[in-house]
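Hi,

Here is the structure I promised to pass on.

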Amino acid sequence: MQTGTTPTTLDPATCEQARLTRDARFDGLFFTAVKTTGIYCRPVCPAPTPKPANITYYPSAAAAAAAGFRPCLRCRPEAAAGSPLHHASSELVGAALQLIEQGALDGQSVSALAARIGVGERHLRRLFDSELGASPQDVAATRRLLFAKQLLGETRLPITAVAAAAGYASLRRFNAAFVDAYAKPPREFRRGQGRPSDERAIELRLPYRPPYDFKGMLEFYARRCIPRVESIDAHGYRRSISIEGEPGWFEVSAIKGDSALRLRVHEVRPLHLGTLVNRVRRMFDVNADPAAIMRTLGREPRLRMLVKRWPGQRLPGTWDGFELGVRAVLGQQISVAAARTLAARIVDRYGTAHPASADGGLGALFPQPADLVDAPLESIGLTRARAATIRSLAQACVEGRVDFRAVQTLDATLTRLCALPGIGMWTAQYMAMRAHAHPDAFPAGDLVLRRIAGEGTPISERAMHAIAEAWHPWRAYAVMLLWRSAG
């Protein structure tokens, strides 16, 4: 499989080699369907390898399911790393996939989804068929099924809670989907596992394609963590959250000997699990394709050395885009430590107490946009201009002029953010990198980047752009590596 090709253009020789060697780097990038059994598998499936003549390769689980194949019960496609959105050859399909991951088709029509990304329903269906080999409904149905299968296998949630968490409108539809896909109802997957427990913590695996530099991710978050909202140690990351006004908290840690992170969720209703898991996956960038990133960045000598030094570099995201936006404004022209101190003051003054998360070293929720619209932030040490910028950002979020959860192109994101007073291109690019997880966001005006590129003497922003042309579409990952080398 070659980077830059459309998802339906699979290289049979590469797929065959990955399948025969059970190469984990390709896990989730394609699926193997076996004509004689009617089952589709991950390339790492431990089952005996079938004859090549009996195999068809598909770019996604949805495409294999749409062709009539059932998911393998041995390798469990739901345990595969997610498909990288950049494998869609158009921004429209990538945007639609991101919305589907957020549950856009769980209660809405395809026409409503198409309207949200600015195209007609017929055109969107054509794009999905040509690029993914599956319809939007097929993708959404496979997402629901595989997430439900994961919840059945990894948690003790009651079946009714699993159905709601996976986005099924009724228990009848949930049962019908499992009978159609697995030829047995969901309860069959619980036999021998005892009764569901009432433990408040829910634990799930977040699979990724290796390598993954989890230590580097923790170090990045640790330097920027907001006391009482976040807590980081050598073992993992914890933070308090609010979903639709309901507070909770979660923790993420590595699983020794497994290409997956462990997510433990506390005080969160099952109904919100799909939203939470999707946001945490983006936050920790578990869907990234490190091999594709390394192939591009490794062509530049300096980056090649850094990629070898820190294999598995990920793009650190954020739980809440508004919180990240406030942090970005706070960090303008001051140190990371100073920005962290100011953020802590904002939480102390305007945040909400969350005693239930105190056991995780937390205890507070970051304020919502409405909490800061009229806040006298100058009283905690902010300059008048910076305080006005945060209030303006908060007002834009309340009015919907800025929506950090909306799916937008990089250019559209930058245009909306730069329209706000006090937010320039550097801040907008940084927010695009982390709040919107744009892999090609690039703060070319950053002094540290320009100094590194000039070997001690800062080069011009225009020259920085020229150098980074070869880094498309992974400029944000290059930024993370270069910043890390400067540290």
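This is a predicted model: local features need pLDDT of at least 70, side-chain atom pairs count only at pLDDT 80 or more; totals for chains, interfaces and linings use all residues.

Residues are numbered from 1 along each chain as its sequence is written, and side-chain values use heavy atoms, with hydrogens and water left out.

Cavities first. A cavity here is a set of points, on a 1 Å grid over the protein atoms alone, where a 1.4 Å probe fits but cannot get out; its lining residues have an atom within 4 Å of a point. Points are joined across faces, edges and corners, and the volume is the space filled by probe spheres set on them. Counted that way, there are three cavities of 30 Å³ or more.

The largest cavity holds about 80 Å³ of space. Which helix gives the most to its lining? That is α11, with four residues. α11 (290-297) and α21 (475-486) each supply at least two of the lining residues; helices are DSSP runs of H or I with at least four residues, strands are E runs with at least two, and both are numbered from the N terminus. Among the lining residues are P290, I293, W310, Q313 and Y477. By class, the lining has nine nonpolar, two polar and no charged residues. For the classes, Ala, Val, Leu, Ile, Met, Phe, Trp, Tyr, Cys and Pro are nonpolar, Asp, Glu, Lys and Arg are charged, and the others, Gly among them, are polar.

The second largest cavity has a volume of about 40 Å³. Its lining has seven nonpolar, no polar and two charged residues, and includes E300, R302, M464 and W471. α12 (301-309), α19 (447-453) and α20 (461-468) each supply at least two residues there.

Now the strands. Both faces of β1 (residues 31-34) are covered, with F31 and A33 buried on one side and T32 and V34 buried on the other. Buried means under 20% relative accessible area, with a 1.4 Å probe and protein chains only. β1 pairs antiparallel with β3 (residues 55-58) over four bridges, where pairing takes at least two DSSP bridges between two strands. Three bridges join β1 to β2 (residues 39-41), also in the antiparallel sense. T32 has Y57 as its bridge partner in β3 and stands opposite C41 in β2. β1 and β2 form a hairpin with four residues between them, and G38 in the turn has a positive phi of about 75 degrees.

Cheers

Methods
On a 1 Å grid over the protein atoms alone, a cavity is a set of points where a 1.4 Å probe fits but cannot get out, and a pocket is an open set with protein on both sides within 12 Å along at least five of seven lines; lining residues have an atom within 4 Å of a point. Buried means under 20% relative accessible area, exposed over 50%, partly exposed in between (1.4 Å probe, protein chains only).
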